[in-house]
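Subject: Structure for your files

Hello,

Here is the structure I said I would pass on. My notes on it follow below the entry.

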Amino acid sequence: MPIKNTSNKAVFLDRDGTVIFEKPGVYLSDPKKVVLYKNTLAGLKKLYEAGYKLFIISNQSGIGRGYFDEDTMLAVMSAMLKKLKGIKIEGISYCPHAPNENCNCRKPLPKMGKQIIKGYKLNPKKCFMIGDKKSDMEFAENIGVEGVLVLTGNGRKQAKKYKTELGNFKHCADLKGAANYILSEEVL
Ligand SMILES: [Mg+2]
Ligand SMILES: [Zn+2]
């Protein structure tokens, strides 16, 4: 039975390097190559059962760069959703543009997050953004939610490279660590 979820708290999730395995620098375009991190399901289950709405917010510049088309990217999303059995993802937002297109939706710009916060009447003070890059943490700041950096994907390298900029964000080994942190931080 799906849990009826009327809460105003949510966790925004980066996709590549956070929910699903990313080899840094490789643009995933094959649905058969979608692999969840070992602790992804455990982490998402905790958040979901604690009443958090879950949203995927993803930059998919591989489309704008001409590496793959939108349908291929959506097939990867479907493959991911299939593996997240038992966990409801409320929504998926993605930016299909390349950085040089100067669009208004690519993270860290706040548009994708602001739309969700407004549409679902969320309270940003009760929301979190989990991601593996500095841009995810900047995005968190830009939408007024707390950012949590995971050390999967690009996380470990980013933490080193941007030690100062990322110093104020909680670092967690993976999604399960991030979920534990979020539940310990909960504003009731
Ligand atoms: Mg990522
Ligand atoms: Zn965009």
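I start with a few single residues and then move to the fold. L81 is found in helix α3, which covers residues 70–83. With 15 C-beta neighbours inside 10 Å, L81 counts as partly exposed. V34 is 47 residues away from L81 along the chain, and the C-alpha atoms of the two are separated by 10 Å. Please keep in mind throughout that this is a predicted model.

A75 also lies in helix α3. A75 has 17 other C-beta atoms within 10 Å and is therefore partly exposed. Between A75 and Y162 there are 87 residues in sequence and 33 Å in space, C-alpha to C-alpha.

K46 is found in helix α1, residues 40–49. K46 is partly exposed, with 17 other C-beta atoms within 10 Å. Not counting residues up to four places away in sequence, K46 touches A179 and L183. The C-alpha atoms of K46 and V11 are separated by 11 Å, at a distance of 35 residues along the chain.

Overall fold

The protein has eight helices and six strands. Along the sequence they follow the pattern β-α-β-α-α-β-α-β-α-β-α-α-β-α. The radius of gyration is 15 Å, close to the 16 Å that the globule rule gives for 188 residues, so the protein is as compact as a globular protein of that length. The C-alpha trace spans about 45 × 40 × 30 Å along its principal axes. Of the 188 residues, 42% are buried. Among the contacts with a separation of 6 or more, 67% are between residues 24 or more positions apart.

The sheet

The six strands form an open sheet with parallel pairing, in the order β3-β2-β1-β4-β5-β6. Its edge strands are β3 (91–95) and β6 (170–172), each of which pairs on one side only. Neighbouring strands of the sheet are turned by 25 degrees against each other on average, direction ignored.

On one side, β4 and β5 pair in the parallel sense over four bridges. M129 has G147 in β5 as its bridge partner, and F128 stands opposite E146 in β5. β5 also pairs with β6, again in the parallel sense, over three bridges. There the bridge partner of L149 is H171 in β6.

How far is β5 enclosed? Five of its five residues are buried, so β5 is largely enclosed by the rest of the structure. Both faces are covered: E146, V148 and V150 are buried on one side, and G147 and L149 on the other.

Helix α8, residues 175–185, lies across β1 (10–13), β4, β5 and β6. Helix α8 runs at about 150 degrees to β5.

Helix α5

β4, α5 and β5 make a right-handed β-α-β unit. Seven of the ten residues of helix α5 (residues 134–143) are buried, so the helix is largely enclosed by the rest of the structure.

The core

The largest nonpolar core has 46 residues. Which of them touch the most other members? They are V11, L13, I130 and V148. V148 is also one of the buried residues of β5. Leaving aside its neighbours within four places in sequence, V11 is in contact with L47, Y52, L54, C127, F128, I130 and I182.

Regards

Key. Residues numbered from 1 in each chain as written. Chains lettered and ligands numbered in written order. Predicted model: local features only at pLDDT ≥ 70, side-chain atom pairs only at ≥ 80, totals over all residues. Buried ≥ 20, exposed ≤ 12 C-beta atoms within 10 Å, placed from the backbone. Helix = DSSP H or I, 4+ residues; strand = E, 2+ residues; numbered from the N terminus. Core = buried A, V, L, I, M, F, W, Y, C linked by C-beta atoms within 7 Å. Contact = placed C-beta atoms within 7 Å. Pairing = 2+ DSSP bridges. Axes fitted to C-alpha atoms, helices over the stretch in contact; angles between N-to-C directions. Right-handed = clockwise from strand over helix to strand, strands pointing away. Rg over C-alpha atoms; globule rule 2.2 N^0.38 Å.
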